[in-house]
Structure formats: C-alpha cells, structure tokens
Amino acid sequence: MVIDKLENLEKYYALNPLFKEVAAFLAENDMNALPTGIHKIKGDDLFVNIQEAKGKTRDEAVIEYHRKLIDIQIPFSGTETYGYIPVSELPEAEFHEDGDYALVPEAVPQSYVTCKPGMFAIFFPQDGHAPCITQEPMLRKAIFKVKN
C-alpha cells in the first residue's frame, strides 16, 4: 500500500509501467467533469471508474481485495479513510474471477489511513482494503484499475 500526494505520483512509476499513463490521464482530464462510470484508457489493462459512492462508517465498510488489478484510489469531494489488512491474514472468501474481487465482510482492518483531495492510495493485490469511509453523505472519487 502507498499513500501520497498526487504531485508525487511520478516517484512510483518504477512500480508499474502503467502508472505513468495514470499520471498523463490525470494531467489531460478534468476529473471533476468526467461522468460517473468506467473510462477505458488502455483496454482492460488500464481504466478508471469515476464513482459517486455513499459514505460509510468504519463498521459499514467491507474489506475487499483483487488479484490481477492494482487500485489507485483518489478522492475528489472529501476526505476518504481506508481500512487496511494484509490479504495473507484474511479468512478464505469467495473470489469473483470475472470482476477480480473478493469481499470479506467479517474481516476487521488492522489499521486505517486517510486521503484528502489531492492525495492517492495505491492498493496492490496483497492489500486488503475497506474504502469509502467518510463523513460525507456521498463521495466522488476515481479508482484507476491497473494491470498488475
């Protein structure tokens, strides 16, 4: 997991060659003007999902993880907190290959991190995360999905 400011995204290009394309997309697009939904950047290897998600409490948020895709999550309309737990410490869960995700509602995060607008969180396949924890009733955010 990585938490940082958007201005530092270039420091992480070595982690995945598609991260540079994420930065280019951010520079070339007004993220607040993009409609909600999925926007393909490089087919299934790189796309962004613009969401308007209902804010959740820590108790309502559900741990999820992915195997093939890395998440780069960026809140726009307010502060977002994420619960975190290593996938290796999660109980078995049904994995949905078609959507590349598993939900583990009974899992409890080991720690929490918070991003403000202008920041991002990167979650790798080994990172269980519970998104959308916020006091905002609705949270506008981008989730870049990057092939691992």
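Guide: Buried means under 20% relative accessible area, exposed over 50%, and partly exposed in between, with a 1.4 Å probe and protein chains only. Residues are numbered from 1 along each chain as its sequence is written, and side-chain values use heavy atoms, without hydrogens or water. The model is predicted, so local features need pLDDT of at least 70 and side-chain atom pairs pLDDT 80 or more, whereas totals for chains, interfaces and linings use all residues.

Visitor: How many aromatic pairs does a search of the whole structure find?

Guide: Rings of Phe, Tyr and Trp (its six-membered ring) pair if their centres lie within 6.5 Å; planes under 30 degrees apart count as stacked, over 60 as edge-to-face and the rest as tilted. Four such pairs are found in the whole structure. One of them joins Tyr12 and Phe120, edge-to-face, at 5.9 Å centre to centre with 80° between the planes. Tyr12 belongs to the loop between strand 1 (2-5) and helix 1 (19-28), and Phe120 to strand 10 (residues 119-123), so this pair ties together parts 108 residues apart in sequence. Helices (H or I, at least four residues) and strands (E, at least two) are DSSP runs, numbered from the N terminus.

Visitor: Which aromatic pair do Phe25 and Phe144 form?

Guide: Phe25 and Phe144 form an edge-to-face pair, with 5.9 Å centre to centre and 80° between the planes. Because Phe25 lies in helix 1 and Phe144 in strand 12, the pair ties together parts that are 119 residues apart in sequence. Both Phe25 and Phe144 are buried, and the relative accessibility of Phe144 is 0%. Phe144 is also 94 residues from Ile50 in sequence, yet the two are 8.6 Å apart in space, C-alpha to C-alpha.

Visitor: Let us turn to the backbone. What is the phi of Asp100, and what is that of Cys132?

Guide: Most residues other than glycine have a negative phi. Asp100, although not a glycine, has a positive phi of about 55°. Asp100 lies in the loop between strand 7 (95-96) and strand 8 (101-104) and is buried, with a relative accessible area of 5%. Cys132 also has a positive phi, of about 70°, and is not a glycine. Cys132 is part of strand 11 and is buried at 7% relative accessible area.

Visitor: Which residues lie nearest the centre of the largest pocket?

Guide: On a 1 Å grid over the protein atoms alone, a pocket is an open set of points where a 1.4 Å probe fits, with protein on both sides within 12 Å along at least five of seven lines; lining residues have an atom within 4 Å of a point. Here 27 residues line the largest pocket, and His66, Asp71, Gly99, Tyr101 and Lys145 lie nearest its centre. Strands that each supply at least two lining residues include strand 2 (37-42), strand 5 (69-75) and strand 12 (138-147).

Visitor: Is Lys145 buried or exposed, and with which side chain does Lys145 make a polar contact?

Guide: Lys145, in strand 12, counts as buried at 15% relative accessibility. A polar contact is a pair of N or O atoms within 3.5 Å; within protein, one must be able to donate a hydrogen and the other to accept it, and residues adjacent in sequence count only if both atoms are side-chain atoms. The side chain of Lys145 makes such a contact with that of His66 (3.4 Å).

Visitor: With which side chain does a polar contact join that of Glu89?

Guide: The side chains of Glu89 and Gln110 are joined by a polar contact of 2.3 Å. Glu89 lies in the loop between strand 6 (80-86) and strand 7 and is partly exposed, with 47% relative accessible area.
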